[in-house]
Amino acid sequence: MSEATGAMPAPTTLLLETNALTKHFTVGKTIRPGSGQTLRAVEDISITVHKGETLGLVGESGSGKSTLGRCLTRLYDVTSGDIIYEGRNIARLGSSGLKPVRRKIQMIFQDPSASLNPRRRVRDIIGEVLKVHRLRPRGEIEGRLGELMDLVGLRREYLDRFPHEFSGGQRQRIGIARALAVEPELIVADEPVSALDVSVQAQVVNLFADLRERLGLTYVFIAHDLAVVRQVSTRVAVMYLGSIVEIGDTDRLYEKPAHPYTKALISAIPRPIAETHERQRIILEGEIPSPLDPPAGCKFSTRCPYADERCRTERPVLKPLADGRSVACHYPLD
Ligand SMILES: Nc1ncnc2c1ncn2[C@@H]1O[C@H](COP(=O)(O)OP(=O)(O)OP(=O)(O)O)[C@@H](O)[C@H]1O
């Protein structure tokens, strides 16, 4: 059992749910109306996120993880479908309706530097958030800034430093402190440790786990590194070409993947030599097809070693297995 998930009871209170969530981009020639092509970045996604859990989102580059994350936080407008947050559909809210939601759902990015103004001290970067949202009376702002630095494991005197005076890991901690400043309930973290050295990655992953327990946070944690996702997630959703192909309890999914794509991803995780002999590997051949022209049946059928005629013509939907996982495959693995 993973270190980060071991002590947590199974979360059961629904926080967020999507129904047939879809996001298309129009690309190509858009000057003439109707001349662009439809890129199906996220298609027909129905998932649940429960209070206190970390839902890991994995998949190869281009599978739609970031687009899904940006739809959940409503940084993107959605093409169709629903996002139910605490019982309310936020999928089509305009900017004024979204204001309170934006505070409750925060996003953390791979590169915090892009959003940290290099000419401002940390005190001003985070203090501005507190002032804009009027979260604390003026007299309490200094104390709150100190609390936030304590929470993310940075010394209070660093409040007077500029972003360039920090290491990559410290900058990510500042990004986390700024997200925490608005007291969010849900954090969508998009590749938050991918740009960091491995040793620093472990520290920031532990910080995420620690904050979840201390503040009762819920995460959607996007990463391409399956080992990191296993360490941090209570459940995992596997994406392929804009669709969820498998979702379920982390340990079960890693130990007994039901979708051939999940199995291929897991069998590619580097392991000690002694273990690799015991594992039956699926080597993925070929590139992910274009989301401009996805395969007609199962989207994975062009790369799946088990695909037959049915897979090439009939798209499988996510169906629950007896052990609580769901898989979109006509022939789930035993
Ligand atoms: N703003 C956009 N306009 C047009 N196409 C986009 C846009 N953003 C993403 N896409 C396309 O949508 C698909 C999904 O991209 P997305 O970035 O969500 O995948 P990802 O799994 O997060 O990949 P990565 O790990 O490389 O970020 C890709 O084909 C991508 O080229």
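Reply: A residue counts as buried if 20 or more other C-beta atoms lie within 10 Å of its own, as exposed if 12 or fewer do, and as partly exposed in between, with C-beta atoms placed from the backbone. Helices (H or I, at least four residues) and strands (E, at least two) are DSSP runs numbered from the N terminus. This is a predicted model, in which local features need pLDDT of at least 70, side-chain atom pairs count only at pLDDT 80 or more, and totals for chains, interfaces and linings use all residues. Residues are numbered from 1 along each chain as its sequence is written.

Me: Is α1 mostly covered or uncovered?
Reply: Mostly covered, as seven of its eight residues are buried. These are K65, S66, T67, L68, G69, C71 and L72.

Me: And what follows α1?
Reply: R74, with a positive phi near 60°.

Me: Now the ligand: how many residues surround it?
Reply: The shell holds 14 residues (C-beta atom, placed from the backbone, within 6 Å). The closest are F25, A41, S61, S66 and T67. Two or more residues each come from β1 (14–27), β2 (37–45) and α1 (65–72).

Me: Which element gives the largest share of that shell?
Reply: α1, with three residues.

Me: Changing topic, what is A237 in contact with?
Reply: Beyond neighbours within four places in sequence, A237 is in contact (C-beta atoms, placed from the backbone, within 7 Å) with I47, L55, L57, I244 and I247.

Methods
Two residues are in contact if their C-beta atoms, placed from the backbone, lie within 7 Å.
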